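Me: Please take one part of this structure and look at it closely. Set it in its surroundings as well.

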Amino acid sequence: MITVDEALARIFALVSPVGTEPIGLIEADGRVLRAPVRAGRDQPPFAASAMDGYAVCGDLRTGTVLRVIGEAVAGRGFAGKLHPGEAVRIFTGAPVPEGADRVVIQEDMQAGDGTATMLRDPSRNMHIRPQSIDFSCGDTVSAPRRLRPVDLALLAAMNVPQLQVSRRPVVAFIATGDELVMPGEDPGAEQIIASNIFALAAMARAEGAEARILPIARDTEDRLRTVLELAAGADMIVTIGGASVGDHDLVSKVTDAMGAERSFYKIAMRPGKPLMAGKLGESLLLCLPGNPVSSIVCGHLFMLPVLRAMLGLGSWPAPTRTARLGCDVAANGPRAHYMRARLHPGEADPQITPFANQDSAVISLLAEADALLLRPAGDGAQPKGAPVRYIPLHAG
Ligand SMILES: Nc1nc2c(c(=O)[nH]1)N[C@H]1C(S)=C(S)[C@@H](COP(=O)(O)OP(=O)(O)OC[C@H]3O[C@@H](n4cnc5c(N)ncnc54)[C@H](O)[C@@H]3O)O[C@H]1N2
Ligand code: MOO
């Protein structure tokens, strides 16, 4: 059995970034920008007033009376030039007139009939935003990056209405097993409902993929092959179940017969040991174990990093953070253990406490969990308070 890191490295070696497609700014939130974008203008394109008040110049002090010679508003500046002894009424965002060296806020001025009188000595703040204080023509938004709402504002300010982003990788999901029916169907007495496929598809979608849920593949070679053929053309095919060593675990047999190139089978991890990966045609093939928790944990550890790599975000494992153990834990065995756990806010690092029950069939405890506590392979017993790593299960 190989380690999780080795398995990830082998999977990454099979993955290349998908192509790009044009997209309008309004649709671009969460999409991955692949090439840097250059600003075609300065922002602001002129020195702009930061306040409502009066544009002035020269030496001024309390009691100075200025002649108001015009007005500058946002979108329509004052065309002339300002001289000492004069003021231009100005509003926030308006171009600062030629000759002006400061803006005095209107609270510090007494407006008269065509005049403005200084009520106090000018402040140190000029209230002028220099041209390009935000960005200059030629400045770039770096890539690759997943676009956040604020990036869209920045790109809009740069006057970039359309972008090239990674197309959505297509992920085909196949649940396997005679015991499964879809939610809403009428299960037989010995059947259960296909569940994990919905979590995995939702995780893939949230990451930016297009998720396709294919019909459940019954436990015959023909049926599995037929459904796998439906997945042709997907960037990634994720099968669920049938990955172990039982007589009805057909995934490796059928994919081998279809010409799949297997990269590895079995990882020294818990849950998720019987994971298999390779290529089937042009598609990355990720064969997850059927136990709901095992498959979803593998989704966090393998499927999501693969999707990020496909989106052009680089080849990185699932991000981990530090916490302190909320209880003593026993020594771990030879497989890395990803334990469902609850987080409690702490003074610096949060506290993390694994659930007593770690059965990989118990999905309700995964739904209760905030994090996967990482117990490295062969790690000794650890006392309460010891620093540990974990994978967060929710954003934030
Ligand atoms: N002799 C051995 N038996 C098993 C081993 C082993 O090493 N030797 N490994 C165990 C481990 S660990 C796991 S994990 C499972 C993985 O088995 P499969 O990938 O073959 O999965 P199935 O047998 O098809 O299903 C396991 C379990 O999960 C349920 N299931 C399957 N698909 C779904 C689904 N889409 N939604 C909800 N539940 C699903 C299925 O009914 C089974 O209960 O193998 C162990 N056995
Ligand atoms: O590895 Mo299995 O995924 O423990 O239940």
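Reply: The centres of domain 2 and domain 3, taken over C-alpha atoms, are 36 Å apart. The model is predicted, so local features need pLDDT of at least 70 and side-chain atom pairs count only at pLDDT 80 or more, while totals for chains, interfaces and linings use all residues. Residues are numbered from 1 along each chain as its sequence is written, and chains are lettered from A and ligands numbered from 1 in the order in which they are written.

Domain 2 covers 20–43 + 134–166, and domain 3 covers 48–129. Domain 1 is 4–18 + 167–310, and domain 4 is 321–392. These bounds come from an automatic or database domain assignment.

Helices (H or I, at least four residues) and strands (E, at least two) are DSSP runs, numbered from the N terminus.

Which residues of α3 are buried? They are Asn-196, Ile-197, Leu-200, Ala-201, Ala-204 and Glu-207. They lie on the same side of α3, because they cover an arc of only 130° around the axis. The arc is taken from the directions from the helix axis to the C-beta atoms. Buried means 20 or more other C-beta atoms within 10 Å of the residue's own; exposed means 12 or fewer, and partly exposed is in between, with C-beta atoms placed from the backbone.

What do these buried residues pack against? The partners are β15 (170–175), β18 (210–213), β19 (236–240) and α6 (292–310). Contact here means C-beta atoms, placed from the backbone, within 7 Å. After α3 comes Gly-208, with a positive phi near 115°.

A residue is near a molecule if its C-beta atom, placed from the backbone, lies within 6 Å of it. Of the 27 residues around ligand 1, Gly-241, Ala-243, Ser-244, Pro-289 and Gly-290 come nearest. The shell has 13 nonpolar, eleven polar and three charged residues. Ala, Val, Leu, Ile, Met, Phe, Trp, Tyr, Cys and Pro count as nonpolar, Asp, Glu, Lys and Arg as charged, and the others, Gly among them, as polar.

How values were computed
Two residues are in contact if their C-beta atoms, placed from the backbone, lie within 7 Å.
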